[in-house]
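Hi,

Here is the structure I promised to send over. Have a look at it first, and then read my notes below.

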Amino acid sequence: MAVKILHSADWQIGKAFADIDDLDGDKAAELRSQRLKTVQRIAEIATERSVDAVVVAGDVFETNGVRDESLRRTLNAMSGFSGDWLLLPGNHDAAEAESAWTRLSRLQPPRNVRLLTRPEPVLVAEHRLAILPAPLVRRHDASDTTEVMDSMQTPPQAVRVGVAHGSIKGRLPERSEAFNEIAEDRADRARLDYLALGDWHGTLPIAPRTWYAGTPEPDRFKDNESGNVLLVTIAAPGAAPVVEKIPVGRFHWRRMHASLHGLSDLDALSAQLAGLGAPYDRHVVQLEISGVVDLATREALNALLDEWRATLHVLRCRTDQLLSQPSEADLDRIASQGFMHTALVRLRSQASDEKQSGEARDLARRALEILYAEHMRTSRGSEARR
Ligand SMILES: [Mn+2]
């Protein structure tokens, strides 16, 4: 009978989302609670697909100091699948002398929740499946903790599945740390049918028998294919694993860029945001805007961004590379003559005067934007009253 497992990793329960909390606490709270809802969804899938076990390859918790309530909520979220859950410590929740794991075991979790805190094989599914864990016992380990798998003895009829957390040298982009390295050929060396990895947050095959599941609920602005769990089916010991990617994540995190030089570029920006696709409240977007625009465009941009801020789950904007350059028409719209016009012209020349400090130029630009916005607001108000 084939062995079926769900492979997940990097739940990072308790992650704070501090950057988003600074902008909007409610939105950050939703991101936090979604991580538990996604665990519930994993439990549902495990039941629907009748898997033998769910294997979570490390960083189940954001830190070893995660609150007891979060530990309990995690167990509750897992309760929808009554088969075996095998949870491995990672670098965020290393199996130190006192850890999330020692506290979790004091809470007396149900018997089907197995904590892989020791590098010893665990037999499940009526001994058809042997789990070979390589738990991290400290945040950074200079040695390859998966080496122990090579000499682990398991019954001949059991499928061998290794579980580890760390980086495969030279296979992950943007990775410079020399800690928690895992040999690329560990599955061959340890005669594993499958090696379930965690740490890299995207779904990534390293070799036919070695995969990163990635985090099931995306949690950062990196386009790295997160938001999945892997359903791994192994017909018999030695058979090639069949890996099916199942999307489970709710939120999509995107980093976008727009370059603006006039009103017509706003249409392109609108189209770009609309292209994220409905439902829009599932998107968390970091938008960087650069370019040079007049005040009329700047004001229209602010209105556009306000609209999208209320449409997307989160819209974070960076506009420090966007310069406002007031045009003649902008100034005339506020005041075409008299003292006010003189003041505007002086502010504009200060805004572009290279002899001024950067701070003074920014201040003059900002003052012009505020005057423009205020003028448009009051003139619209008087129109409405007419
Ligand atoms: Mn990690």
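**Strand β7 and its surroundings**

Glycine 162 in β7 is the bridge partner of leucine 132. Keep in mind while you browse that this is a predicted model.

That bridge belongs to a parallel pairing between strand β6 (residues 129-134) and β7, with 6 bridges in total. β7 also runs parallel to strand β10 (residues 194-198), joined to it by 5 bridges. There, histidine 165 sits opposite glycine 198 of β10.

How many of the residues of β7 are buried? The count is 7 of the 7 in residues 159-165, so the strand is largely enclosed by the rest of the structure. Val159, Val161, Val163 and His165 point one way, Arg160, Gly162 and Ala164 point the other way, and all are buried.

**Leucine 204**

This one is in strand β11 (residues 204-207). Leaving out residues up to four places away in sequence, leucine 204 touches Trp211, Tyr212 and Gly214. From leucine 204 to glycine 214 is 10 residues in sequence, and their C-alpha atoms are 7.3 Å apart.

**The two domains**

Where they meet, 7 residues of domain 1 are in contact with 7 residues of domain 2. On the domain 1 side, that makes 4 nonpolar, no polar and 3 charged residues.

Cheers

How values were computed. Residues numbered from 1 in each chain as written. Predicted model: local features only at pLDDT ≥ 70, side-chain atom pairs only at ≥ 80, totals over all residues. Helix = DSSP H or I, 4+ residues; strand = E, 2+ residues; numbered from the N terminus. Nonpolar A, V, L, I, M, F, W, Y, C, P; charged D, E, K, R; others polar. Buried ≥ 20, exposed ≤ 12 C-beta atoms within 10 Å, placed from the backbone. Pairing = 2+ DSSP bridges.
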